[in-house]
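Dear colleague,

Please find below the structure that I am handing over to you.

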Amino acid sequence: MARNQEKAMSMLSRWYKYQRELHNPGGPEKRPYLATECHSLQEAEKWRLQIIKEIARKVSQIQNAGLGEFRIRDLNDEINKLIREKGHWQDRIVELGGPNYHKIGPKMLDHEGQELPGNRGYKYFGAAKDLPGVRELFEEEPPKPPRKTRGDLMKDIDAYYYGYLDDEDGVLMKLEEEVEKKARHLAIEEWKLKKETGELDKELEEEERKEREEEEKRRKELQEKKDDDNEDTSTDEHTIAPLEVPSQKDVEIELLRKKKMELLLKYASEDLQRTSMNAKTLMGRDLNI
């Protein structure tokens with residue numbers, strides 16, 4: 001039974017071969033290498049359709065990523081070559097008086113390909129777009145931020161930029177208040193500690209001693225100045241003696257003495273104040289502030 005089927009298939013194959021030779025005695029017709037060699041509109045239409053079928057077949061094959069890198073690259077090159085050849089045949093059809101397929105023809109197969117930026121004409125189809133070195137080229141770079149002009153930069157410059165309104169936001173005032181409280185607390189604790197250990201009395205005595213020395217020195221200078229003035233006035237009785245004007249150093253000493261007296265009245269106890277006043281009374285000093 002199998003032998004009869006093989007004979008039948010063999011006879012069918014010979015019959016098909018006979019029919020092909022009968023209708024086409026010269027064998028299968030080959031597409032011309034150049035489109036300009038074709039002078040028939042019908043033949044040009046036929047070769048264009050043949051190229052479209054080959055492109056569709058190869059596009060379906062290149063979708064398989066398992067073909068390997070080299071086979072995918074070859075198929076992609078062949079597809080691009082067929083697309084260029086199709087364009088030549090479409091130009092030839094227009095020259096022979098046929099329709100312009102560049103405008104009215106379907107372009108589904110052409111749209112499946114993707115061109116690289118700056119490489120117009122060559123397209124990548126299917127798995128060729130994921131080949132090493134090609135995938136990175138298709139990745140879009142993030143857009144660069146627009147560069148600001150000088151006018152845009154000047155819009156953000158105001159009084160806050162120069163720090164003129166830093167004191168009005170309330171933040172700096174709070175920080176200063178906290179630092180001031182800490183400094184005041186430390187000063188009070190230091191004063192209390194000195195008062196308990198007796199260092200405050202020693203400091204006051206030392207300051208008073210220095211004040212006495214300064215006043216004694218100043219008194220001597222004034223006395224010497226008066227003696228010099230008296231000598232000058234003795235030569236000329238009608239000359240008016242100049243007014244005594246305290247120097248800057250005298251003013252500073254007097255202000256320091258008053259400031260110390262204010263601190264003593266503010267922080268010292270009543271006994272200490274009374275003792276200090278008695279001591280100064282005995283020395284004949286003025287207590288007025």
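A residue is called buried when its relative accessible area is under 20%, exposed when it is over 50%, and partly exposed in between. By this rule E180, with a relative accessible area of 46%, is partly exposed. Please bear in mind throughout that this is a predicted model.

Overall composition

The protein chain contains eleven helices and two strands. Along the sequence, their order is α-α-α-α-α-β-β-α-α-α-α-α-α. Of the 289 residues in the protein chain, 20% are buried. The chain exposes about 23,400 Å², and carbon and sulfur atoms supply 54% of that area. Where contacts link residues at least 6 apart in sequence, 58% of them join residues at least 24 apart.

Helix α8

Helix α8 covers residues 171–197, which is 27 residues. From its first C-alpha to its last it reaches 40 Å, close to the 39 Å expected at 1.5 Å a residue. Just after α8 comes G198, which takes a positive phi of about 90 degrees. R184 is partly exposed, because its relative accessible area of 42% falls between the limits of 20% and 50%.

Other salt bridges

The structure holds 15 salt bridges. In one of them, the side chains of E95 and R92 meet at 3.0 Å, N to O. These residues are three apart in helix α3 (residues 69–95), and are thus separated by about one helical turn. E95 is exposed, with a relative accessible area of 55%, whereas R92 counts as buried at 13%.

Another salt bridge joins the side chains of R209 and E213, at 2.6 Å, N to O. Both belong to helix α9 (residues 199–235), where they are four residues apart, about one helical turn. An α-helix has 3.6 residues a turn, so residues three or four places apart point the same way. R209 is partly exposed at 32% relative accessibility, and E213 is partly exposed at 43%.

A nonpolar patch

On the surface, L12, W15 and Y16 form a nonpolar patch, with about 320 Å² of accessible area together. L12 lies in helix α1 (residues 2–23) and is partly exposed, its relative accessible area being 38%.

With kind regards

Technical notes:
Residues numbered from 1 in each chain as written. Predicted model: local features only at pLDDT ≥ 70, side-chain atom pairs only at ≥ 80, totals over all residues. Heavy atoms only, no water. Expected span 1.5 Å × (residues − 1). Buried < 20%, exposed > 50% of the residue type's maximum accessible area, 1.4 Å probe, protein only. Contact = heavy atoms within 4.5 Å. Areas by Shrake-Rupley, 256 points an atom, 1.4 Å probe, with all protein chains shown as cover. Patch = residues over 30% accessible without salt bridge, like charges linked within 9 Å, V, L, I, M, F, W, Y side chains within 5 Å. Salt bridge = Lys/Arg side-chain N within 4 Å of Asp/Glu carboxyl O.
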